Amino acid sequence: MANLIETYACAPSTERGRGILISGDSKSNSILYCNGRSVFIRYLDRPLEVAVYGEHSYPVTVARYSPNGEWIASADVSGIIRIWGTHNDFVLKNEFKVLSGRIDDLQWSPDGLRIVASGDGKGKSFVRAFMWDSGSTVGDFDGHSKRVLSCHFKPTRPFRIATCGEDFLVNFYEGPPFKFKLSHRKHSNFVNCIRFSPDGSKIISVSSDKKGIIYDAKTGETIGELSSEDGHTGSIYAVNWSADSKHVLTVSADKTAKIWEIFEDGSGKVKKTLECPGSGGVEDMLVGCLWQNDHLITVSLCGTIHLFSASDPDKPPLSWSGHMKNVTTLTVLKSNQKMILSSSFDGSILRWIQGIGYSGKLKMKDCSQIKCLAAVEEEIVTSGYNNKVWRVPLQEDEFGVGENIDVGSQPKDLSHAINVPGLALVSTDCGVVLLKGVQVISNINLGFTVTASVISPDGSEVIVGGQDGKLHIYSVSGDSLTEEATLEKHRGAISVIRYSPDVSMFASADLNREAVVWDRVSKEVKLNNMLFHTARINCLAWSPNSTMVATGSLDTCVIIYEIGKPPSSRITIKNAHPGGVYGLVFTDDCSVVSSGEDGCIRVWRIEQQ
């Protein structure tokens, strides 16, 4: 069997020009954020422990804990809210269709009996409050004419609800049943976030006009605003109160977070400006924040989460990051098997260390999309969708100056001869290209459609898989290839071929869900009937001792076969990655790392039966 020992979670999904709302639970010291159709629960003191809820049918926008921490309400772009338990496999309590469009924010009432949600809808229905158990509406919310970006429940009685949105308005409602009380138009741009203070005395709204306005929570009247001296120079996307109701944390497009002291008269002045580490580019704009216990949490546009200490804000922050999109390739460094490199098709390469987790983002000068990635000693080789193959030296924490070569058409597959420095094989639609460094040795048209290829570690042999399911084996001499054999066993286009580390075998897999292990010398089938996936096989990996081979498929499963045993004694990891498995690599003889469509990377420990 295989046990999950570590998860490297994906980053929260963000959108330029919009804030994102992350939330948390101070009792369990966890935070919630969304990416794709999943809600992620991260524990601030245990970064490698991640729980994922993936039952939504549409992309999720916001999730919140109930006041007692037992339930979570999560909302998606179709206007549906699901309420589910934090224990017992996330049992579903209720599902309600709340709005006709996207939900941008939701809040629980302090007694945990009602939920208010706001967002986009048809007609005038941009806000709705309902009972959490029955779904019955409690009140009318008139007064908005455009999408409502944020809403909040007053945490003390008498209950109030405040809302704000794209019509520049801040509205107050009293109840229950809730009805319109008054409206303010003090902002001159989108009002992005509104929050009551925990003691229920004040309320603050922040906007893209760079202002923050403070109101009296009981009457709804304006009492002050955040000082413009040393204030934000860009749109303010989110705001959060400290537990003592005396400070707020704001984040802005100017790439800074600020801690403000809020006085009794409703004015606020900057107490501390927090600078998040980064390159200073657009991706460092801050779009979300949370003040929880002693943690000040900020989220940047590229999804990086920075954790500052509230008691010592000068201390450098702890940074978490991850991929935002499908993780397509995984590789380990030969010199350090515990260091994992992963790449996503948006061009980001991240480094992970087993047992520690996120260890930094590697920036390439030419940040085009990445399709294939291979690491050899202190160098990585990548290919993308722009016909170029890059060789980039890997120095300590960053890439050196890379060299590239145009191979004439889009690379399909990339592999390098581990024992021959600089020798690599790139397959294109109708042939293969042999590279030495960034020089083309030969560009050979093979006369059939190529779908996968691999070069042996010593550079003497090449195996090419075709659309017709045949494996063509060539010997390499200088710059020419000589066909030695053609193997027929597969019934679908070949998707991946890999040599075993001891080079005595090779394994191949196809789009018709079958994998085959071959003996390299005799060219005989060594292990067949590996037909246990229900969809195409995307990736394949060998264990370092050449006794196990793992396959990952679009059917979300990873299957591990032992070479000396029949395929029926396989180990299957079901639902390893919702949406499909796209990357696999072994870090040692009993640890396999997988990545997939959900943007996460998982480390599994294999225990022999």
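The model is predicted, so local features need pLDDT of at least 70 and side-chain atom pairs count only at pLDDT 80 or more, while totals for chains, interfaces and linings use all residues. Residues are numbered from 1 along each chain as its sequence is written, and side-chain values use heavy atoms, leaving out hydrogens and water.

Start with the whole chain in cartoon view. There are 56 strands and 0 helices (DSSP runs, E of at least two residues for strands, H or I of at least four for helices, numbered from the N terminus). The C-alpha trace spans about 85 × 50 × 40 Å along its principal axes. Of the 609 residues, 60% count as buried (under 20% relative accessible area, 1.4 Å probe, protein chains only).

Next, select Gly-24, Gln-107, His-152, Pro-198 and Asn-240. Of the 35 residues lining the second largest pocket, these are the closest to its centre. Elements that give two or more residues to this lining include strand 2 (23–25), strand 10 (103–108), strand 13 (148–153) and strand 21 (236–241). By class, the lining has 19 nonpolar, 12 polar and 4 charged residues.

Now show the cysteines. The whole structure has 0 disulfides (pairs of cysteine sulfur atoms within 2.5 Å). Select Cys-10 and Cys-600: the sulfur of Cys-10 has its closest cysteine sulfur in Cys-600, 4.3 Å away, which is too far for a bond. Cys-10 is buried, at 1% relative accessible area. Finish at Cys-164, which is in no disulfide, with the nearest cysteine sulfur, that of Cys-193, 6.7 Å away. Cys-164 is also buried, at 0% relative accessibility.

How values were computed. On a 1 Å grid over the protein atoms alone, a cavity is a set of points where a 1.4 Å probe fits but cannot get out, and a pocket is an open set with protein on both sides within 12 Å along at least five of seven lines; lining residues have an atom within 4 Å of a point. Ala, Val, Leu, Ile, Met, Phe, Trp, Tyr, Cys and Pro count as nonpolar, Asp, Glu, Lys and Arg as charged, and the others, Gly among them, as polar. Buried means under 20% relative accessible area, exposed over 50%, partly exposed in between (1.4 Å probe, protein chains only).
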